[in-house]
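Morning, everyone. Please look at the structure on the screen, and I'll walk you through it.

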Amino acid sequence: MKNAKKLIPGAAIALVIAVAAKFLESLEESAGLHFIGASVIAMFIGMIVNAFYKLNSVTAPGIKFTSKKILKFAIILLSASLNIRTVLTVGRFSLTVMVFTLATCFGLGALIGKAMGLNWKTSSLINAGTGICGGSAIAAIAPVIEASDMDIAYGLSATFLFDTVMIVVFPILGHWMGLSDAAFGLWAGTAVNDTSSVVATGYAFSEAAGSHCGDCC
C-alpha cells in the first residue's frame, strides 16, 4: 500500500493529461477535423507541462509507472480487442505492400541511421514512427527499448515534420498523377506516418479516399 500511494501523484497527472487530450480530440472531431489524435495531443501537452514542471520525488514514481507498465498493458488490451480475421480481410489488398514497406523502412532505416552516426535507439524510433504509426508507435516502442527523452524528441520531431508536409503535398501529387480513390488510399495509408495524418490526407483528396486510408491503417 505504501508503494502504491507513491504512484498516485504522478499517475493523477498522467490521467489529467489523458482526459484533456481526449477532450481536445472530441472538439477537433466536432469541428469536422481529423488532424491530430488524442495520443499525439497528450504527448504535446506532456512536453509543455515538462517544460514548466519538472519531475520530482513525488511525481516521478507514478509517471514512470504509467509510461512503462500501464502503457504496455494498454497495448496488450488493444491487441486483444482485434480480430485477426477482420484485420486480414480489411487489409488483404495492402498486406503485401505493408510488409515490403516495413521491411524496407526498418532495413534501410537502420543502415542510414548507422551511416549518419545516429544512436540506434533514435534510429529505431524514427523507423517505427515512419513505418508503423507515427507518434503512437514511438510511444509504444520507447519504453521497450528504454529510449531517452532526447531519443523520443528526435523521433517525434522527424515524424510530425514529414506528416505536416505530406498532408499538404500528397493530395496535390495524387490528383496530378490521376490516382483513383482506392490507389490514393493505399498510397497514403502506407506512406504517411501517423494514423490521424493518414486520415487527414485521405479526406483532403476525397471522401472515398479517406475511407480507404482508414482500412489501410
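The structure holds 1 salt bridge. Keep in mind that this is a predicted model.

Which residues form that salt bridge? The partners are Glu25 and Lys22. Their closest N and O atoms sit 3.1 Å apart. Find helix α1, residues 2-30, and you have found both partners. They are 3 residues apart, about one turn of the helix.

Is Glu25 buried or exposed? Glu25 is buried. Its relative accessible area is 16%, and buried means under 20%.

Now zoom out. How many helices and strands does the protein have? There are 10 helices and 0 strands. Read along the sequence, the pattern is α-α-α-α-α-α-α-α-α-α. The protein has 217 residues, and buried residues make up 32% of them.

Next, the empty space. Rolling a probe the size of a water molecule over the atoms shows where such space is left. I'll take the second largest pocket, with about 210 Å³ of space.

Which helices each supply at least two residues of its lining? They are α5, residues 95-115, and α6, residues 120-145. The largest share comes from α5, with 6 residues.

Let's go through some names. The lining includes Thr104, Cys105, Leu108 and Gly109. Also among the lining residues are Met116, Leu118, Ser123 and Ile126. What about classes? The lining has 6 nonpolar residues, 6 polar residues and no charged ones.

Hold on to Ile126, one of those lining residues. Compare its position with that of Ala137, which lies in helix α6. Ala137 and Ile126 are 11 residues apart in sequence. In space, they are 9.5 Å apart, C-alpha to C-alpha. Ala137 has a relative accessible area of 7%, so it counts as buried.

Last stop, the surface. Which residues make the nonpolar patch of about 920 Å²? They are Leu161, Phe162, Val165, Val168, Val169, Ile172, Leu173, Trp176 and Met177.

Pick out Val169. Val169 is found in helix α7, residues 149-177. Its relative accessibility is 33%, so Val169 counts as partly exposed.

Quick recap. We had a salt bridge between Glu25 and Lys22. We had a pocket lined by residues including Ile126. And we had a nonpolar surface patch that includes Val169. Thanks, everyone.

How values were computed. Residues numbered from 1 in each chain as written. Predicted model: local features only at pLDDT ≥ 70, side-chain atom pairs only at ≥ 80, totals over all residues. Heavy atoms only, no water. Patch = residues over 30% accessible without salt bridge, like charges linked within 9 Å, V, L, I, M, F, W, Y side chains within 5 Å. Areas by Shrake-Rupley, 256 points an atom, 1.4 Å probe, with all protein chains shown as cover. Salt bridge = Lys/Arg side-chain N within 4 Å of Asp/Glu carboxyl O. Helix = DSSP H or I, 4+ residues; strand = E, 2+ residues; numbered from the N terminus. Buried < 20%, exposed > 50% of the residue type's maximum accessible area, 1.4 Å probe, protein only. 1 Å grid on protein atoms, 1.4 Å probe; cavity = no way out; pocket = protein on both sides within 12 Å on 5 of 7 lines; lining within 4 Å. Points joined across faces, edges and corners; volume = space filled by probe spheres on them. Nonpolar A, V, L, I, M, F, W, Y, C, P; charged D, E, K, R; others polar.
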